[in-house]
Every structure is written in C-alpha cells, then in structure tokens.
Amino acid sequence: MSSQLDRIENALAQIAASLERQTIDVRDLRDQLQKLVLVSVPKSTGVVIDPDCGYEWMWLALRLDEGTWSRIKAGEHIELRGRGWVPEQQVKPDPADENFYWDYWEFNGGINKPMRVTMVSPHEDSLDIDDRTAYEGPLLKSFIQELKDI
C-alpha cells in the first residue's frame with residue numbers, strides 16, 4: 001500500500017510541477033498579448049468638435065489636442081478662440097478677409113453640458129449677442145469626432 005501511495009504522490013507532484021510551468025507560460029503569453037494590443041490600438045490625438053450651427057455658420061469646427069479635450073471631458077470650464085472662420089470651406093481663414101470671423105468657444109462642464117460658440121468679425125461692430133451666437137446648447141456626442149494616431 002505504501003508503494004502505491006508513493007506512486008500517487010509522485011504522479012501528483014509531476015502534475016503540480018506541470019501546472020506550475022503552464023501557469024507561468026500562460027502569464028507570459030498574457031503579458032505579450034497585452035503589449036501587442038497596446039501597440040496596435042491607435043492612440044487618441046484629440047478631437048474635432050463640429051456643432052450643428054445651421055446654414056449661416058456652416059463648416060464651423062474646432063480641433064482640440066488630447067490634453068485640452070481631457071480637461072473639457074473632466075468638466076473644467078474652458079474658453080478658447082478658434083482658428084477663425086470664413087464661409088468657404090476650402091479657403092484658409094484670413095483676418096484680412098471681409099467675411100472673416102473669429103470663433104470663440106466656451107465649454108461648461110463637458111459632454112451633454114452647456115457649450116456656446118460666439119462669432120466676432122474684426123470688420124464690423126455687432127453689439128447684439130444673438131447675432132453673434134453660432135451655437136448655444138449642450139455639447140453632444142454627435143458633434144465629436146475622435147482623431148486617432150495611426
């Protein structure tokens with residue numbers, strides 16, 4: 001009986017050693033897989049916010065770097081000036097253009113929280129804030145296009 005018990009103990013010891021090696025191998029494979037996933041997943045480089053401003057302010061959009069976007073998502077109150085706007089999409093905004101407007105963006109709390117975009121022309125004085133408001137409402141997810149580093 002004692003010899004059978006010794007054989008069983010030896011077999012169990014071999015199984016335990018085999019399981020230990022396999023556990024180490026599985027951990028190594030999991031770590032390698034995680035590294036591959038991290039390398040292959042594109043990193044966010046920021047976002048473009050394209051609110052529904054209607055026909056008057058068509059193609060108005062703001063590109064944000066990842067740091068600024070993170071601050072907005074975290075709920076920080078942020079005011080920014082955009083790169084400017086002209087009515088033609090293919091034309092680079094130029095402050096000397098009589099149709100040029102500066103775009104001012106105000107974020108108040110992140111996604112689904114208040115946001116306002118105000119337009120200011122360097123060529124005319126418009127005192128009515130309603131005439132200068134391109135968008136006022138919540139920052140909707142549908143306005144946000146995430147940019148990925150490929």
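This is a predicted model: local features need pLDDT of at least 70, side-chain atom pairs count only at pLDDT 80 or more; totals for chains, interfaces and linings use all residues.
E106, R116 and E136 are linked in a network of salt bridges.

**The charged network**

The side chains of R116 and E106 meet in a salt bridge, at 3.3 Å from N to O. This pair ties together distant parts of the chain, with R116 in strand β5 and E106 in strand β4, 10 residues apart. R116 also forms a salt bridge with E136, where the closest N and O atoms are 3.6 Å apart. Here, too, distant parts of the chain are linked: E136 belongs to strand β6 and R116 to strand β5, 20 residues apart.

R116 is partly exposed, with a relative accessible area of 27%, and E136 is exposed, at 54%.

How many salt bridges does a search of the whole structure find? The search finds 3. One of them joins E76 to R71, with the closest N and O atoms 2.7 Å apart.

| Salt bridge | N to O distance |
|---|---|
| E76 and R71 | 2.7 Å |
| R116 and E106 | 3.3 Å |
| E136 and R116 | 3.6 Å |

**The sheet behind the network**

The strands named above sit in an open sheet of 4 strands, with the order β3-β4-β5-β6 and antiparallel pairing. Which strands stand at the edges? They are β3 (77–81) and β6 (133–138); each has a single partner strand, so one side of each is left without a neighbour in the sheet. On average, neighbouring strands of this sheet are turned by 10° against each other, direction ignored.

Strand β4 (residues 102–108) and strand β5 (residues 114–120) run antiparallel and are joined by 6 bridges. Within this pairing, R116 in β5 is the bridge partner of E106.

**The chain as a whole**

Stepping back, the chain has 3 helices and 7 strands. From the N terminus on, its elements run α-β-β-α-β-β-β-α-β-β. The radius of gyration is 29 Å, well over the 15 Å that the globule rule gives for 150 residues, so the chain is more spread out than a compact globule. Along its principal axes, the C-alpha trace spans about 105 × 30 × 20 Å. Of the 150 residues, 26% count as buried.

**A nonpolar patch**

Which residues make the nonpolar surface patch of about 400 Å²? The patch is made by I8, L12, I15 and L19. I8 is found in helix α1, which covers residues 2–40.

How values were computed
Residues are numbered from 1 along each chain as its sequence is written. Side-chain values use heavy atoms; hydrogens and water are left out. Two strands pair if DSSP finds at least two bridges between them. Helices (H or I, at least four residues) and strands (E, at least two) are DSSP runs, numbered from the N terminus. Axes are lines fitted to C-alpha atoms, for helices over the stretch in contact, and angles run from 0 to 180 degrees between N-to-C directions. Patches are made of residues with over 30% relative accessible area and no salt bridge: like charges are joined within 9 Å, nonpolar side chains (Val, Leu, Ile, Met, Phe, Trp, Tyr) within 5 Å. Accessible areas come from the Shrake-Rupley method with a 1.4 Å probe; for residues, only the protein chains shown count as cover. A salt bridge is a side-chain nitrogen of Lys or Arg within 4 Å of a carboxyl oxygen of Asp or Glu. The radius of gyration is taken over C-alpha atoms; the globule rule is 2.2 Å times the number of residues to the power 0.38. Buried means under 20% relative accessible area, exposed over 50%, partly exposed in between (1.4 Å probe, protein chains only).
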